[in-house]
Amino acid sequence: MAESPRERTLVKLRTPIEVRFKFLSKTRQDVEQDQIYDGVAPSISAQGCVVSGRIPRLDWVADLLTQKMMLGINLLLPNDPDPIKALGEVGWIERIDEATGKCQIGVTFKDIQPADRNKIFAHQVKAQLPGG
C-alpha cells in the first residue's frame, strides 16, 4: 500500500514531544478558545506535525478543516528551554473520542521562524539515529 503524502514527511518519534496549543479564530468567540490545551506530537517534520490532543467542541471540526480556525502551537523539544512557536492549519482530523474529544490532528505550519524550523529538522534527524 502506498504511503500518503502526510506520512512520507513525518518522522514517528520514540518519545513524543510535549505540545501546548490554543484554538484561534477571527469568526468565533467561544470561551474554550481562552484555554491552553496540552498534548503530544508523536510525529513531526519541519513542515508540520501530528498533535494528539483534545478538541473541546465537536462543532469546531468544520471550522478547523476549512481553516476558519487555526492552532497556535508551542512545541517543547527536549533539552531546549525555549518553546518552538508556530501557527498551524489543520489538514485532517481522525480518531475523535466523542466522550473526551481526544483525537489525532494533522497540522501544517503556516507561520514559523526559520531557526525554529531548523531546530525541528535537527531533532527529526537525531530521532532517527540509534539511541536518538
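A disulfide, for this talk, is a pair of cysteine sulfur atoms within 2.5 Å. By that rule, a search of the whole structure finds zero disulfides.

Before the details, the ground rules. This is a predicted model, where local features need pLDDT of at least 70, side-chain atom pairs count only at pLDDT 80 or more, and totals for chains, interfaces and linings use all residues. Residues are numbered from 1 along each chain as its sequence is written, and side-chain values use heavy atoms, with hydrogens and water left out.

Back to the cysteines. The sulfur of Cys-49 has its closest cysteine sulfur in Cys-103, 12 Å away, which is too far for a bond. Cys-49 is buried, at 2% relative accessible area; buried means under 20%, exposed over 50%, and partly exposed in between, with a 1.4 Å probe and protein chains only. Cys-103 is buried as well, at 3%.

Now the fold. Six strands make a closed barrel in the order β1-β2-β3-β6-β5-β4, with antiparallel pairing. Strands here are DSSP runs of E, at least two residues, and helices are runs of H or I, at least four, all numbered from the N terminus. Two strands pair if DSSP finds at least two bridges between them. From one strand to the next, the twist averages 45°. Angles run from 0 to 180 degrees between N-to-C directions, and axes are lines fitted to C-alpha atoms, for helices over the stretch in contact.

Take β2 next. Seven bridges join β2 to β1, and Val-19 stands opposite Gly-39. On to β3, residues 48-54: three bridges tie this strand to β2, with Ser-43 partnered by Val-50. The two strands form a hairpin with three residues between them. Six of the eight residues of β2 are buried, so this strand is largely enclosed by the rest of the structure.

One of the pairs is Gly-72 with Leu-87.

Helix α3, residues 114-128, lies across β1, β2, β4, β5 and β6, at about 150° to β1.

Last, a residue in β6: Gln-104. Is Gln-104 buried or exposed? At 16% relative accessibility, Gln-104 counts as buried. Its side chain makes a polar contact with the side chain of Ser-52, at 3.2 Å. A polar contact is a pair of N or O atoms within 3.5 Å; within protein, one must be able to donate a hydrogen and the other to accept it, and residues adjacent in sequence count only if both atoms are side-chain atoms.

Methods: Contact means heavy atoms within 4.5 Å.
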